[in-house]
Amino acid sequence: SPMGSGACGDSPARRLRVLVADRHPNVRAALRADLEDGGFDVCAEASTGDEAVAATRRERPDVCLVDAGLEGLALLVGRMTADSPAPRVVVTAVTRDEDDLVAAFRAGAAGYLPKDVRARRLRDALAAVAAGATMLPPTLAPRVVGTSDAR
């Protein structure tokens, strides 16, 4: 076969494009390093919700890693997933605020990971979410998919 077999679209191992949105530059740098080590393409970084929305529209990432501490999390997730094709959004948080996370999932988030997640688990989770999986904490599942709204 000829050299340069990296023709567009013939490889299932197309690098997943990831946007990293986090208030803290050191967190963004660590996530970028972990992801790039794992063969992901970090196509953009953002430090605010507005930057994240703009970068999502500009770069069309496959997956967005979003800091749960960004202002108006659920609204932000809704804005980031409004366009089609929508990226898969994974929320990261230091401490789990269940109400915020439930709202984020209802707004279109596809996953949640703790901020201190190990690099291998992070990469496995993003690959799974990009392939269509939902990473939902078991304690949240009934509140997100259940009919608990019918009071």
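**View 1. The buried side chain of aspartate 22.** At 0% relative accessibility, aspartate 22 counts as buried (under 20% relative accessible area, with exposed meaning over 50% and partly exposed in between, for a 1.4 Å probe and protein chains only). This is a predicted model, in which local features need pLDDT of at least 70 and side-chain atom pairs count only at pLDDT 80 or more, while totals for chains, interfaces and linings use all residues. Residues are numbered from 1 along each chain as its sequence is written, and side-chain values use heavy atoms, with hydrogens and water left out. Aspartate 22 lies in the loop between strand S1 (17–21) and helix H1 (25–37); helices (H or I, at least four residues) and strands (E, at least two) are DSSP runs, numbered from the N terminus. Its side chain reaches the backbone nitrogen of histidine 24 at 2.9 Å, and a polar contact of 2.9 Å joins the side chains of aspartate 22 and lysine 115. A polar contact is a pair of N or O atoms within 3.5 Å; within protein, one must be able to donate a hydrogen and the other to accept it, and residues adjacent in sequence count only if both atoms are side-chain atoms. Leaving aside neighbours within four places in sequence, aspartate 22 is in contact (heavy atoms within 4.5 Å) with Val27, Arg28, Ala46, Ser47, Asp67, Thr92 and Lys115. The C-alpha atoms of aspartate 22 and glycine 49 are 8.8 Å apart in space, although 27 residues separate the two in sequence.

**View 2. Threonine 56 in helix H2.** Threonine 56 belongs to helix H2 (residues 49–59) and, at 4% relative accessibility, counts as buried. The side chain of threonine 56 reaches the backbone oxygen of alanine 52 at 2.7 Å. Not counting residues up to four places away in sequence, threonine 56 touches Leu19, Pro61, Cys64, Met80 and Pro87.

**View 3. The packing of H2 against H3.** H2 and helix H3 (residues 73–80) pack at an angle of about 15°, with their axes 9 Å apart; axes are lines fitted to C-alpha atoms, for helices over the stretch in contact, and angles run from 0 to 180 degrees between N-to-C directions. The two helices are therefore roughly parallel to each other, a term for angles under 35 degrees. From H2, the residues Gly49, Asp50, Ala52, Val53, Thr56 and Arg57 meet Leu76, Arg79 and Met80 in H3.

View 4. The structure holds 0 disulfides, a disulfide being a pair of cysteine sulfur atoms within 2.5 Å. The closest cysteine sulfur to that of cysteine 43 is in cysteine 64, and the separation of 7.5 Å is too far for a bond. Cysteine 43 is buried, with a relative accessible area of 16%, and cysteine 64 also counts as buried, at 0% relative accessibility.

View 5. Most residues other than glycine have a negative phi, and most peptide bonds are trans. Phi of arginine 60 is near 50°, a positive value in a residue other than glycine. Arginine 60 is found in the loop between H2 and strand S3 (63–67) and is partly exposed, with a relative accessible area of 42%. The peptide bond from serine 84 to proline 85 is cis, with omega near 0°, and proline 85 sits in the loop between H3 and strand S4 (88–93).

How values were computed: Angles under 35 degrees count as roughly parallel, over 145 as roughly antiparallel, 65 to 115 as roughly perpendicular and the rest as oblique.
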